[in-house]
Amino acid sequence: MAIAPPVDIAAREDLLTGCQAVAEGVRLANVDVIAAYPIRPYTEVMDNLSKMIADGTLDAEYIVADSEHSQFEIVKHASAVGARAFAGSSGTGWLYGYEALVVTATDRLPVLYLVGNRALDDPGAFGVEHNDALSLRDMGWLLCWATTAQEALEHVLIGYRVAEDLRVRMPMALALDGAFLTHSQHIVQVPAAEAVRRFLPTYDPGEHRLHPDNPISVAPQVNEDWVMEIRRQNWEAARRAKVVIAEAYQEFAEVFGPRYETPYFTETMTKDADAILIGLGTVAMPAVESVRRLRAEGKRVGYINLRWFRPFPTEELRLALGHAKAVGVIDRDFAHGAPDGGGVLFHDVRSCLYPIGDGPLAIDFIAGLGGRDISIDETTAMFEKTLAVGTGAPTREFVTWVGVRESEKEVRP
Amino acid sequence: MIKRVEINYRGVFQKTLGRKIGGDLVLIARRLDKVGFSNGRYSDAPERNGLPSKYFTFISSTMTEAELEAECGGKLDIDAADVTVVLDDTLLAGVEPWAWHGIRPVNEKTQAGGALIVVSRHAPDDLVPRLERKPYTYHLAVLAGETSLSGMWVFRDDLTHERVLGAIAAVDPSIVTIEAVEQHLLTRADGTARAAAARAAYDEVTTGTTTVQPTDGRVWPFEAPSLPSWQGFREAATVVAVPRQGRNVTFPRGTSKTERPVVRFDLCTKCTLCWLDCPDGAFDPVAGGHYDVDYAYCSGCGKCAEVCPVKDCIVMVDELRFDDTVSPWAAYQRDAPAYLAWAEEKTSVRPPERPHVSGRMAPVTTSSRS
């Protein structure tokens with residue numbers, strides 16, 4: 001139920017940062033309620049949305065909360081009464097409202113959030129790290145990474161389409177690498193509002209709408225008679241989401257043209273690859289360049305740029321990875337004390353590969369934490385190591401830290 | 001082919017200016033069927049008032065955007081610059097970014113045959129000695145003018161942005177041509193004036209560029225710091241702190257200043273206000289009740305000059321009129337008349353009047369500098 005009719009916006013080409021592209025998507029989605037609380041690198045989306053409202057090109061309630069916890073509570077309740085809602089945060093701020101984020105999923109409210117990936121405190125840092133968004137891993141969320149500003153804009157629209165579908169009703173977190181995507185200015189094709197209206201229906205919570213004419217109670221206290229069944233319902237919704245995701249991308253292609261070969265990831269030269277690397281976010285850029293260079297040398301390597309982390313595309317990845325000799329996972333995150341010391345994505349990928357008899361060996365690269373860059377030379381070395389592991393003796397050293405200082409180093413050599 | 005432009009600016013005060021220049025280069029290159037993108041030096045975020053920051057723009061006529069992004073994107077800093085723009089000439093005193101990589105020269109990334117464009121009221125001969133000596137030649141173009149300073153939420157639309165675009169077209173037309181710059185600017189409000197400003201800067205730079213030789217400039221006096229290995233420092237995210245009454249020897253931050261205070265110890269009434277009000281604690285009490293200034297730590301905020309009750313006792317002066325951080329009190333002790341003559345000479349050129357915006361809906365006036 002949109003508060004006001006959408007403003008007509010023509011298609012255009014523009015120079016946008018990742019945050020600006022998300023703001024454009026939010027405007028095109030005719031969002032009704034925005035709750036804001038500043039924390040970089042997500043903050044820029046706030047600035048842009050408030051300016052759109054001030055300029056009259058977006059009609060929405062804009063509430064600056066006292067904290068992320070309140071921010072997330074506000075949009076949760078707005079969604080419950082039938083408003084399409086948007087919020088976001090980064091790093092430590094995202095975790096400040098974690099309680100609210102958990103209940104948003106269990107209350108099955110389709111709010112969309114920007115996570116400007118940022119390292120978790122302490123120590124305070126501003127650079128990209130994925131643990132903030134990955135913290136939602138188990139909670140019944142849709143969780144998706146954009147790699148370009150164009151993808152970021154489009155996944156606001158796809159996100160609402162999937163989240164609000166009555167078969168899904170899960171909140172969606174759209175993650176963008178802090179600084180490297182949120183603040184980098186690229187040329188983006190912004191679609192017309194009219195085209196977006198053909199793709200994205202208005203939000204209608206149906207019988208779940210909180211309103212005096214529809215007397216319901218949301219999340220009353222339960223005892224041991226109810227929890228397990230409610231969990232089973234939510235688990236099923238996450239499975240159904242895969243069907244809706246497939247439909248949504250199909251519909252998106254019908255309106256906007258073929259943009260995504262598959263919903264879940266982008267593959268580069270994987271079909272005959274012996275070594276395949278997989279990662280989330282902007283590490284795809286140097287990784288794909290490494291694929292180009294190594295293929296020119298005759299080495300059979302490929303890269304999977306994973307888009308959807310939840311629901312995890314288990315069957316699709318088994319098909320895409322199963323033929324490889326070795327799979328190298330790039331984790332721009334940490335999982336201290338986890339099995340074999342591997343990162344979060346490593347565990348999902350390895351677990352996904354486990355049922356394949358005689359499948360590829362999975363190894364892990366922990367890289368780019370706290371905003372440290374990942375160079376083409378480093379991703380090339382990751383490919384070389386994965387190739388070596390695939391053709392050599394099996395290893396029990398599953399994890400390599402890439403780019404950490406093993407010795408004293410001058411800042412500017 | 002990749003062209004790399006870096007834009008050095010004063011954090012916060014020139015952020016919008018830097019970003020507009022960086023962004024416009026991408027849009028203008030697009031008119032020429034090139035791909036490009038623009039980003040900031042990651043380690044500059046968050047920006048602090050006056051701390052040196054950088055924007056970058058990368059342009060290619062041969063690569064795809066993904067290839068250009070792979071080479072140049074997602075990095076902490078630029079590898080080398082074809083054009084280095086310096087929006088505040090006092091950055092030549094040294095660049096100490098927030099993430100602190102030491103005090104670096106502003107032309108550190110300027111490559112052989114590249115160009116340095118500096119907005120300045122100084123002549124090239126005054127600026128060249130401040131630059132780091134390079135083992136090759138490169139070019140220096142001075143865009144005559146005042147440093148354009150704004151705030152985070154306001155933008156001083158004084159045509160500096162347009163002039164810089166024109167200057168870039170002059171030093172390296174393979175990045176953007178002046179015709180493309182003009183066409184782009186003509187699409188803006190007041191486009192004719194903007195395009196004319198770009199063209200005038202283009203003409204100015206085309207006729208007056210200095211070639212900097214390997215014998216020019218100075219041997220850079222500051223070392224880059226080194227970072228320990230992961231086993232080489234204490235755990236629990238804990239560091240040794242600045243001792244009481246001490247200063248932070250690892251991050252002086254003195255290069256954030258565009259002006260420094262010159263003190264007339266002969267006029268001083270020892271009211272203690274400068275020492276009390278300095279937000280950086282840059283004043284040291286000395287015997288007799290005066291206060292010395294530690295210029296390495298002074299951030300040039302001008303508070304001391306503002307609170308000093310004695311006319312002309314503390315005067316803010318363009319930072320580029322100094323080339324060391326020697327103690328003024330020590331100089332005064334050694335030779336008072338020489339020091340006073342030096343102070344008179346330094347304060348003979350006052351910085352420009354800046355608009356005073358009170359934030360209280362009062363009319364904008366010029367600042368009251370005594």
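This is a predicted model: local features need pLDDT of at least 70, side-chain atom pairs count only at pLDDT 80 or more; totals for chains, interfaces and linings use all residues.

Reply: Residues are numbered from 1 along each chain as its sequence is written, and chains are lettered from A and ligands numbered from 1 in the order in which they are written.

Me: Why are helix 1 of chain B and helix 5 of chain B called roughly perpendicular?

Reply: The axes of helix 1 (residues 15–31) and helix 5 (residues 178–186) of chain B cross at roughly 110 degrees and come within 9 Å. Axes are lines fitted to C-alpha atoms, for helices over the stretch in contact, with angles from 0 to 180 degrees between N-to-C directions. Angles of 65 to 115 degrees count as roughly perpendicular, and the two helices are therefore described in that way.

Me: Which residues of helix 1 of chain B meet helix 5 of chain B?

Reply: B:Asp24, B:Leu27, B:Ile28 and B:Arg31 meet B:Ala180, B:Val181, B:Gln183 and B:His184 of helix 5. Contact requires C-beta atoms, placed from the backbone, within 7 Å.

Me: What joins strand 16 of chain A to strand 8 of chain B?

Reply: Two bridges join strand 16 (residues 409–410) of chain A to strand 8 of chain B, and the strands run antiparallel. Pairing requires at least two bridges found by DSSP, so the term applies. A:Glu410 stands opposite B:Ser226 in strand 8 of chain B.

Me: How many residues does each chain bring to the contact?

Reply: Chain B gives 31 residues and chain A gives 31 residues.

Note on methods. Helices (H or I, at least four residues) and strands (E, at least two) are DSSP runs, numbered from the N terminus. Angles under 35 degrees count as roughly parallel, over 145 as roughly antiparallel, 65 to 115 as roughly perpendicular and the rest as oblique. Two residues are in contact if their C-beta atoms, placed from the backbone, lie within 7 Å.
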